[in-house]
Amino acid sequence: MTETEHFDLERFMRWLFMAAPWIFIAFALLGLSLPFLPDDGKPRNSKFEMYLSFMVVIFFGALAWISRRVVRELPNAPVSVDRYGIWRTAHPRETSLIHWSAITQVRERPYLQRLELFNGSGELLLKLEYQLRDFPRLRSLVLERSALAPVRSPLGKAFAKSYAYHIFNAAALVGFVALSIYLWPTNPVLSGVLLLSVVGFGSWEYFTTACKVELLATGMVVSWPVRRLTLFRADITSVEMSDLVVNSALHPQVLVSHTKSKRPVVLRGLGTSAVDLKRAVQAWRENGA
């Protein structure tokens, strides 16, 4: 990389951010008007309506305030990079350049939809929004160029989903099956089509999602709820980061391509960030030390 590259916000996301405060304010005003809406002649619970109105106003008012702060930060979201470092596009390069050697730690903030860059003293240097155009390339440049601390020996490490994940999925599946059985005599369509479809999709999602990965001397063992796969270093052809997109939100994940299947192994939500997981798998693959 020799030339300067610019990463701006997607135009749609920019307009969405700018419209969000007004949308939330409109919902807050709608909630404020609930107690004053004309009735239809039926008895009304005025206390409940006042309580509901208060909660709606507080909730959407808070969202409007937060989104307004986000809008104020929009001019600072775009960044530029070159072979020397990274800086906010809105600021002069000469005074705002952050050298790659100063970046020693990165932290994923998936709920805030951003990647944060830190120096060796733990000082926050820069926030990179997931909504930046071509964010996967920007992330790969940061990981490649930054002076990240070497990965400590990954040999023997295990990354796994929490027990709460398994308990929640088991309880949800059992609950939907029980509800389907209960509703079957009175509404077989709802029970047999809708609820069982939810059970089927939920079961497929649960049983096809990797829940544990172990980096052992004998190989990388990937576990699903009902099966396991052992990959030797020679089996792995690449380790890359990707993003699962859900409702325009990015959820980073690691793709491990291998010779035993055309489809890569997808690793996400295993108790650590996708960045740290990728670096650990890469370190294990390269030298196992």
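Start by selecting Ser 80 and His 6: their side chains are joined by a polar contact of 2.6 Å. A polar contact here is a pair of N or O atoms within 3.5 Å; within protein, one must be able to donate a hydrogen and the other to accept it, and residues adjacent in sequence count only if both atoms are side-chain atoms.

Before you go on, note that this is a predicted model, where local features need pLDDT of at least 70 and side-chain atom pairs count only at pLDDT 80 or more, while totals for chains, interfaces and linings use all residues. Residues are numbered from 1 along each chain as its sequence is written, and side-chain values use heavy atoms, with hydrogens and water left out.

**Stop 1: around Ser 80**

Ser 80 sits in strand 2 (residues 79-81); strands (E, at least two residues) and helices (H or I, at least four) are DSSP runs, numbered from the N terminus. Is Ser 80 buried or exposed? Ser 80 is buried, at a relative accessible area of 1%. Buried means under 20% relative accessible area, exposed over 50%, and partly exposed in between (1.4 Å probe, protein chains only). Now show what Ser 80 touches, leaving out residues up to four places away in sequence: Thr 4, Glu 5, His 6, Gly 85, Ile 86, Trp 87 and Thr 89. Touching, or contact, means heavy atoms within 4.5 Å.

**Stop 2: along helix 2**

Next, select residues 46-73, which form helix 2 with its 28 residues. From first C-alpha to last, helix 2 reaches 41 Å, close to the 40 Å expected at 1.5 Å a residue; the expected span is 1.5 Å times one less than the number of residues. Colour Glu 49, Ser 53, Val 56, Phe 60, Ala 64, Ser 67 and Val 71, which are buried residues of helix 2. An α-helix has 3.6 residues a turn, so residues three or four places apart point the same way.

**Stop 3: charged pairs**

The structure holds nine salt bridges, each a side-chain nitrogen of Lys or Arg within 4 Å of a carboxyl oxygen of Asp or Glu. Select Arg 109, Arg 114, Glu 116 and Glu 129, which are linked in a network of salt bridges. Within it, Arg 114 meets Glu 116 at 3.8 Å, N to O. Arg 114 also bridges to Glu 129, with the closest N and O atoms 3.5 Å apart. Glu 129 lies in strand 7 (residues 124-129) and Arg 114 in strand 6 (residues 114-118), so this pair ties together parts that are 15 residues apart in sequence. Arg 114 is buried at 16% relative accessible area, Glu 116 is buried at 5%, and Glu 129 is buried at 18%.

Now move to Lys 260 and Asp 235, whose side chains meet in a salt bridge of 3.9 Å, N to O. They link distant parts of the chain, 25 residues apart: Lys 260 is in the loop between strand 13 (249-258) and strand 14 (261-267), and Asp 235 is in the loop between strand 11 (228-231) and strand 12 (236-246). Lys 260 is partly exposed, at 45%, whereas Asp 235 is buried, at 13%.
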